[in-house]
Amino acid sequence: MSQNKTIMEVNQELVKERAKCNFNVLEVTHILDGGEKNTLHRKKIESIALDEGAYKDPIPEEYLSPKEKYENAVRKSCLFCKIVKNALTEFTGLEHFSNFFVLRRTADAFFKEISPFLLHLGMFLPTILGQCTTEQQAYWLPRVLDIQIIGTYAQTELGHGTFIRGLETTATYDPETEEFVLHSPTLTSYKWWAGGLGKTVNYCIVVAQLYTKGVCHGTHLFIVQIRDEETHMPLPGIKVGEIGAKMGFNTADNGYLAFDHYRIPRQNMMMKNAQVLKDGTYVKPDSHGKLTYGTMVLVRVILVNEVAFNLAKACTIATRYSAVRRQSQPKPNEPEPQILDYTTQQHKLFICIATAHALQLASAWLWKTFNAVMSDMKKGNTDSLPELHALSSCLKALSTSDVTSLIEQCRYSCGGHGYMLCSGLPNIYSFVTATRTYEGDYTILLLQTARFLVKAYEQAEAGTPVTPTVLYLIEFVSGKRTPWDGSPEGIIKSFQEIAAGNISSCVKSIRNRMSSGLSFEDAWELTTIQLVGAAEAHCRAVISDTYKKEIARITASSSTNVKIVMEQLVNLYLHYWALNRTGDLLRYSSISGEDVANLQMKYEELLTLIRPNAVGLVDAFDLRDEILHSALGSYDGQVYKRLFAEALKSPLNQEPVNETFHKYLKPTMQGKL
Ligand SMILES: CCCCCCCC/C=C\CCCCCCCCCCCC(=O)SCCNC(=O)CCNC(=O)[C@H](O)C(C)(C)COP(=O)(O)OP(=O)(O)OC[C@H]1O[C@@H](n2cnc3c(N)ncnc32)[C@H](O)[C@@H]1OP(=O)(O)O
Ligand SMILES: Cc1cc2nc3c(=O)[nH]c(=O)nc-3n(C[C@H](O)[C@H](O)[C@H](O)COP(=O)(O)OP(=O)(O)OC[C@H]3O[C@@H](n4cnc5c(N)ncnc54)[C@H](O)[C@@H]3O)c2cc1C
């Protein structure tokens, strides 16, 4: 198991917990990494990047000024890139992109908040891979991978983020010079938010309304140089800066950008799909009209993995701490229990472990689906894109929303110490809560999935084939119901019935509203609360089904105890959400009040069964202390020593008396101020 560089004796509470664990921890690590080979590869990269201690800060990041924090993050980004450059240059295609997950994870040792280079690797590079022609890639990719240029993705504007069709930046083609003229006609058209744009990048992808021969062809993507490569000064016609202090992401220099009739060569339009010829003729993509939204789909897929990883971090911290922390005296004359022994604490934490597994596996499955759709699209077949869009939208929305709440729950579970920055939890939370908004807000994405579900429902009603993730609608419209039996398969079935029932209620509401004279748009709008609920229910059914199937598949050849504990977690996930949705279950399945009581009993039994393995389960995430950044969650469990050591780092503790005593306190206390 990975150890901290600052080696301390392991706390006896954790020694005992690890002795209690009845399964092979390394076997579960391999499962989570997707195989032993991947674990070894990950550990190798972590070793290359971390063993020399280059991630260490001379002064703790939290005590730096905003400017110093940013400068330190740039310094470390360059260092990180240098260290992992060899690994980076291997990644020349999307098929190798999963390697980035390893880099992403390792980078957390360097950045308590975020690297200003995140968008370079997280969006600039993928957009070049996904939206450029082969010739364009040949020109741009070597420079991007070698970090000869640094880029970002500037889509959102001050006035519009969600509604991409409403973006105002224009790119007007001038056939005389074979250039596009980029312009920001209003304040609301200023690009806003792009990570790294404020001070770091010299290039960016700009999303703008394309005009040629006097006709607007909607939003298209352009690669734009914004700063001089030698001096880094903004180029003439460019207004660029940073947007200011935020709830988190403060080392990411999110920026604004405006153009004053700024010219770029025709070749800088990303032309894999649509093209503008030299004479200004617009050549439409011959396939799906939303292909320019491709990077967003990719990043939504990646974000499911991203939040699963962050939840693994949070629950590792909270579970180890809960094994060390003792509090209260429920039985007289007995020692204070470990807080992990309280059932309510297990209720807070074990769902986090199960959810981290569920989302990790759902994300691996979604990644495979994404690649399959991309390979179909290479052959010109875009039939499966709507389902991928619906799936990636709801999985991104639900995973980021669930994980945001669960990370906050981890913080609550650590009491007062969880509120300390040195617990690591506030930084994890402020990072993850942003994921619910960016790359498509929660509500917006669920409504996108709802569009797909309503159409699928109508197809099922009409007897036309539906895509794999909504097959359950066929049984529902035929009136077939499965009696409640409380088995894991039965719970998943009932989640599908809840989803189908909700979609059916939405369709009825829309139809009723339309038959009373409303337009489709108005009827849809009035039904959106239900539609969001339906999309959420569908997504819960998809995650539950995938989690159960993937665990069964992956653990088929695992040792008995690994199989048992993995199944317990699946069942815990299913029971947790069934109990959370008893209203829906009573409405749409044949569950009785007595069945609900049995579910509750079973859930509580599962908590007791999982308890002895809790520390082993979080150890299996195999998160190095350098990545956790937590006084509460380090492998050695020396919580109190580490909290005290962190307190001593406070600048206020570097002098016995602060000057405010003489300036203000003393005069006040002596009535002289
Ligand atoms: C030093 C080293 C650093 C360390 C790094 C290490 C390595 C890093 C590697 C990996 C890290 C990964 C982490 C990544 C983190 C990245 C951080 C990102 C930061 C944030 C970036 C952003 O936020 S970018 C901006 C994102 N913006 C949005 O998402 C906007 C949301 N809005 C929309 O998507 C759309 O506007 C809309 C879908 C809401 C509506 O669009 P529109 O109005 O055009 O469509 P319609 O409603 O009319 O629909 C028409 C039709 O099209 C379908 N459709 C819509 N979208 C899509 C799509 N994407 N694909 C396919 N189809 C689509 C829609 O459903 C409709 O279909 P119908 O059949 O007609 O119903
Ligand atoms: C930390 C961070 C980093 C970011 N990085 C980038 C970046 O690098 N590049 C980039 O281009 N962008 C970036 N963004 C912008 C981000 O993508 C947008 O903020 C996001 O897409 C939401 O859009 P918005 O801000 O316009 O919200 P709005 O659309 O204004 O949403 C506000 C509220 O209105 C609701 N709403 C809006 N429309 C509807 C509707 N049709 N039906 C019902 N409700 C609706 C939403 O649900 C939400 O509750 C970043 C944002 C953050 C927070």
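Here are a few worked exercises on the predicted model above.

The model is predicted, so bear in mind that local features need pLDDT of at least 70, side-chain atom pairs count only at pLDDT 80 or more, and totals for chains, interfaces and linings use all residues. Residues are numbered from 1 along each chain as its sequence is written, while chains are lettered from A and ligands numbered from 1 in the order in which they are written.

**Exercise 1. Work out where Glu-439 sits, whether Glu-439 is buried or exposed, and what is in contact with Glu-439.**

Step 1: Start with the record. UniProt puts the feature "active site" at Glu-439, in an unreviewed entry; such annotations may be inferred rather than shown by experiment, feature names are shortened, and positions are given in the numbering used here.

Step 2: Find the spot. Glu-439 is in the loop between α11 (425-435) and α12. Helices (H or I, at least four residues) and strands (E, at least two) are DSSP runs, numbered from the N terminus.

Step 3: Count around the residue. Buried takes 20 or more other C-beta atoms within 10 Å of a residue's own, exposed takes 12 or fewer, and partly exposed is in between, with C-beta atoms placed from the backbone. Glu-439 has 23 other C-beta atoms within 10 Å, so Glu-439 is buried.

Step 4: List the partners. Contact means C-beta atoms, placed from the backbone, within 7 Å. Setting aside neighbours within four places in sequence, Glu-439 is in contact with Met-296, Val-299, Arg-300, Leu-303 and Lys-396.

**Exercise 2. Say which residues come closest to ligand 1 and which element gives the largest share of its shell.**

Step 1: Use the cut-off: a residue is near a molecule or strand if its C-beta atom, placed from the backbone, lies within 6 Å of it.

Step 2: That gives 38 residues around ligand 1, with Gly-122, Tyr-293, His-389, Tyr-438 and Gly-440 the closest. Among the elements giving two or more residues are α4 (66-89), α8 (294-324), α10 (385-413) and α12.

Step 3: The largest share, five residues, comes from α8.

**Exercise 3. Describe the shell around ligand 2 by its nearest residues, elements and classes.**

Step 1: There are 21 residues around ligand 2, and Gln-155, Thr-156, Gly-161, Thr-162 and Trp-193 come nearest. β1 (151-154), β4 (191-194) and α12 (442-462) each give two or more residues.

Step 2: Sort by class. Ala, Val, Leu, Ile, Met, Phe, Trp, Tyr, Cys and Pro count as nonpolar, Asp, Glu, Lys and Arg as charged, and the others, Gly among them, as polar. The shell around ligand 2 then has nine nonpolar, ten polar and two charged residues.

**Exercise 4. Give the strand order in the sheet that holds β4, and explain why β4 and β7 count as edges.**

Step 1: Strands pair if DSSP finds at least two bridges between them. The order in this open sheet of three strands is β4-β8-β7, with antiparallel pairing.

Step 2: β4 and β7 (238-242) each have a single partner strand, so one side of each has no neighbour in the sheet.

Step 3: Check one pair. β7 and β8 (residues 255-259) share five bridges, and Ile-238 is opposite Phe-259 in β8.

**Exercise 5. Trace the pairings of β3.**

Step 1: β3 (residues 179-183) is joined to β2 (residues 170-174) by five antiparallel bridges, with Thr-172 partnering Val-181.

Step 2: β3 also pairs antiparallel with β9 (residues 262-265) over four bridges; Leu-182 has Tyr-262 as its partner there.

Terms used
Contact = placed C-beta atoms within 7 Å.
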